Amino acid sequence: MARINDNYLKLKAGYLFPEIARRVNAFAQENPDANIIKLGIGDVTEPLPQACRDAMTNAIADMADRSSFKGYGPEQGYLWLREKIAVNDFQSRGCAISPDEIFISDGSKCDCGNILDIFGKDNKIAVTDPVYPVYVDTNVMAGHTGEANDKGEYEGLVYLPISANNDLTAQLPTESVDLIYLCFPNNPTGATATKEYLESWVNYAQKNDAIILFDAAYEAFITDTSLPHSIYEIEGARECAIEFRSFSKNAGFTGTRCALTVVPKTLKGKASDGSEVELWKLWNRRQSTKFNGVSYIVQRGAEAVYSDAGKAQINELVSFYLENAQIIREELTKAGLTVYGGVNAPYVWVKTPEGLSSWDFFDKLLHHVNIVGTPGSGFGAAGEGYFRLSAFNSRDNVIEAMKRITTNMNFN
Ligand code: MLT
């Protein structure tokens, strides 16, 4: 019989969001008339920007004509898209990122997991707690951890706790680690990072020869002009950071699929013989071998994000979800709850009331007012006693959800 990857047996239950969906489906089956509003998974609800739709329609027309038809594209992505990203997302902010350091992919969730292909087994890995579960689970799958304890913490990982006492941002590790996952604006807490804070991480990485895996999937939600959007705004980051970005949340591509990963050519890792190796070469090799690129049609849609019309439409979309976040913050505060995040981020992080556990509060909201959120404990042990609400929904649903909470549940 074929041997399995035993590391999968170490994983706790199901992945968080399918587990929530399972519980919600069970509730819906028992209560078929319940009008359930989902503010759980951060999935967009508003239509794709017109500029992206037009570009994809034109791209379909290209595919209908032999002279403009496209077969396999470059595994790294089409240069016309990578050039636009380099100029608009990076060079315009003073980051010296060139198009050939940008790799187009079908999602930053996938890339956050796939990146482990180019790293060895013996790295010391730091994650924040709470954390986007993909960083942890993919390390478990890759055999980089031992078993989980009762709190769900995996042996071998270095957990950096986040709490309201430390502005919802993790402190630097007190030991030397090799890989560090950072996510700003943060999923799940909605916290942001100042330039000084990111500088402290880049300094740490330089001193400890560590690499920062920087997830900037929510950077478009930063409205505070003092906050950095990219780790490469910090001097020295080209030598110590990989950045992940996505078109999912800014342009509504969760179902369309397009993202990018930046691997600077100046970034190096160490081989077992002690020699230094360019990580760019390894990632390029990995992508050319295991990936055949994102579809031409989708890349044309992503390119339109950088047109004048696309930029305006994306600003509107982002503002729309940020207004939702503001409504959620204001209404929950009125209901007597303590809230964090939701200002430069689409997630609102809520302290559960009355000492309820995260899952108890999940059940209470689902059963009393038919609203779905995400239990903070699903993001890690330090998320216990917190709850995440996503601002990705229609305005009507957000208003209705908040009305149900403020009318039926008072925590003052
Ligand atoms: C979330 O809800 O945390 C996100 O939707 C997950 C993701 O983007 O993969």
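Predicted model: local features only at pLDDT ≥ 70, side-chain atom pairs only at ≥ 80, totals over all residues.

Visitor: OK. How is the protein chain divided into domains?
Guide: There is domain 1, made of 7-47 + 309-408, and domain 2, covering 52-306. Their centres, taken over C-alpha atoms, are 25 Å apart.

Visitor: How many residues does each domain put into the contact?
Guide: Domain 1 gives 35 residues and domain 2 gives 48 residues.

Visitor: And how much area is buried between domain 1 and domain 2?
Guide: About 3300 Å². Carbon and sulfur atoms account for 63% of that area.

Visitor: How many salt bridges are there between the two domains?
Guide: Zero between domain 1 and domain 2. Polar contacts are another matter: 14 residue pairs are found across that interface, both residues at pLDDT 80 or more.

Visitor: Which elements build the domain 1 side?
Guide: α9 (308-334), β11 (339-341), β12 (347-351) and β15 (386-390) each supply at least two residues of the side that touches domain 2. The largest share, seven residues, comes from α9.

Visitor: What about residue types on that side of domain 1?
Guide: They divide into 21 nonpolar, nine polar and five charged.

Visitor: Switching to the ligand. Which residues are around it?
Guide: F17, I41, G42, K109, Y132, N187, Y218, K249, Y347 and R388.

Visitor: Take Y132, K249 and R388. How far are their polar side-chain atoms from oxygen atoms of the ligand?
Guide: For Y132, an N or O atom in the side chain is 2.5 Å from a ligand oxygen. For R388, the distance from a side-chain N or O atom to a ligand oxygen is 2.7 Å. For K249, a polar side-chain atom lies 2.9 Å from an oxygen atom of the ligand.

Visitor: Back to salt bridges. How many does the structure hold?
Guide: The structure holds 18. One of them pairs R395 with E323, with the closest N and O atoms 3.2 Å apart. That pair links distant parts of the chain: R395 sits in helix α11 (residues 395-408) and E323 in helix α9, 72 residues apart.

Visitor: Now the backbone. Where are there cis peptide bonds?
Guide: One runs from F184 to P185, with omega near -15°. Another joins N187 and P188, with omega about 20°.

Visitor: Which loop holds those prolines?
Guide: P185 is found in the loop between β5 (179-183) and α6 (195-208). P188 lies in the loop between β5 and α6 as well.

Visitor: What is the phi of D167?
Guide: Positive, about 60°, although D167 is not a glycine.

Visitor: And where does D167 lie?
Guide: In the loop between β4 (157-161) and β5.

Key:
Residues numbered from 1 in each chain as written. Heavy atoms only, no water. Domains from an automatic or database assignment. Contact = heavy atoms within 4.5 Å. Buried area = accessible area lost by both parts, 1.4 Å probe. Salt bridge = Lys/Arg side-chain N within 4 Å of Asp/Glu carboxyl O. Polar contact = N/O pair within 3.5 Å; in protein donor to acceptor, adjacent residues only side chain to side chain. Helix = DSSP H or I, 4+ residues; strand = E, 2+ residues; numbered from the N terminus. Nonpolar A, V, L, I, M, F, W, Y, C, P; charged D, E, K, R; others polar. Near = heavy atom within 4 Å.
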